[in-house]
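Colleague: I am new to this structure and would like to go through it with you. Could we begin with a helix and then move on to the sheet and the core?

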Amino acid sequence: FTAPIEKEPAVKTIAQNIRPSALRFPGGTVANYYHPDGIGYGFRQEDVKGGFSDITKAMPLFDKNAIYHFADLCKMSNYSVVFVANMWTGTIEETLWCIDFFQKQNIKVIGVELGNEFNLKQYRTKYTSVQVYIQQAKEYAAAIRKKYPTIALGVVAADATEPNPKGSHQIFMNQWNADLGKENFYEFYSPH
């Protein structure tokens, strides 16, 4: 995260050892603040509010947005992409721009995750229930499907819980998955 990814020795080592066919971009929590404009991960101060201090301090190491560095890595090793849409601070237009960018670079987008970790407590100011998430995810899904009907879409699932949850956190997680399981606008899920 703190330097252009194609130059990170650890990334090269992992890529050589594991040899993945696809990589996820821009990754986990970082995805909730990623914008394709600006250098690095395009963080906006009003969004991160002091978070990600190591990444924010490292932004001067980038000469352009991280998507360009990531594309270079993909082209070097013929990787496909699972793109994580920024539904927290981003827009549908930004998501479509990123998919368009990868397509123009001849980098295959095999899936789009509709957000990241929104079932967790720190996101409940916006996602007070899974229904709020589902509503927004469907808006993103419709826009993506209109332009790219063959790209698989994924949703944010909650961690597995006990069959008979006891605490409020487990009850929330179970309800999240139960309601999400009734929907059919996606092809895969990512448990968080």
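**Helix, sheet and core**

Modeller: Let us start with helix α7, residues 168-180: at 1.5 Å a residue its 13 residues should span 18 Å, and its end C-alpha atoms are 18 Å apart, which agrees. The expected span is 1.5 Å times one less than the number of residues. Helices (H or I, at least four residues) and strands (E, at least two) are DSSP runs, numbered from the N terminus. This is a predicted model, in which local features need pLDDT of at least 70, side-chain atom pairs count only at pLDDT 80 or more, and totals for chains, interfaces and linings use all residues. Residues are numbered from 1 along each chain as its sequence is written, and side-chain values use heavy atoms, with hydrogens and water left out.

Colleague: Which residues of α7 are buried?

Modeller: Phe 172, Met 173, Trp 176, Asp 179 and Leu 180. Buried means under 20% relative accessible area, exposed over 50%, and partly exposed in between (1.4 Å probe, protein chains only). Seen down the axis of α7, these residues fall within an arc of 140°, so they line one face of the helix. The arc is that of the directions from the helix axis to the C-beta atoms.

Colleague: What do they pack against?

Modeller: They pack against α6 (130-147) and β4 (152-157), where contact means heavy atoms within 4.5 Å.

Colleague: Now the sheet: in what order do the strands lie?

Modeller: The order is β1-β2-β3-β4-β5, five strands in an open sheet with parallel pairing. The edge strands, β1 and β5 (188-191), each pair on one side only. Two strands pair if DSSP finds at least two bridges between them.

Colleague: How many bridges join β2 to β3?

Modeller: Four bridges join these parallel strands. Val 82 stands opposite Gly 111 in β3.

Colleague: And the largest nonpolar core, how many residues has it?

Modeller: It has 53 residues, and Trp 176 and Leu 114 are among those with the most contacts inside it. Of the elements, α6 gives the most to this core, with seven residues. Such a core is a set of buried Ala, Val, Leu, Ile, Met, Phe, Trp, Tyr and Cys residues joined through side-chain atoms within 4.5 Å.

Colleague: One last topic: is His 35 buried or exposed?

Modeller: His 35 is buried, with a relative accessible area of 0%. His 35 lies in the loop between β1 (22-25) and α2 (45-48). Leaving aside neighbours within four places in sequence, its contacts include Tyr 41, Asp 47, Asn 86 and Glu 94.
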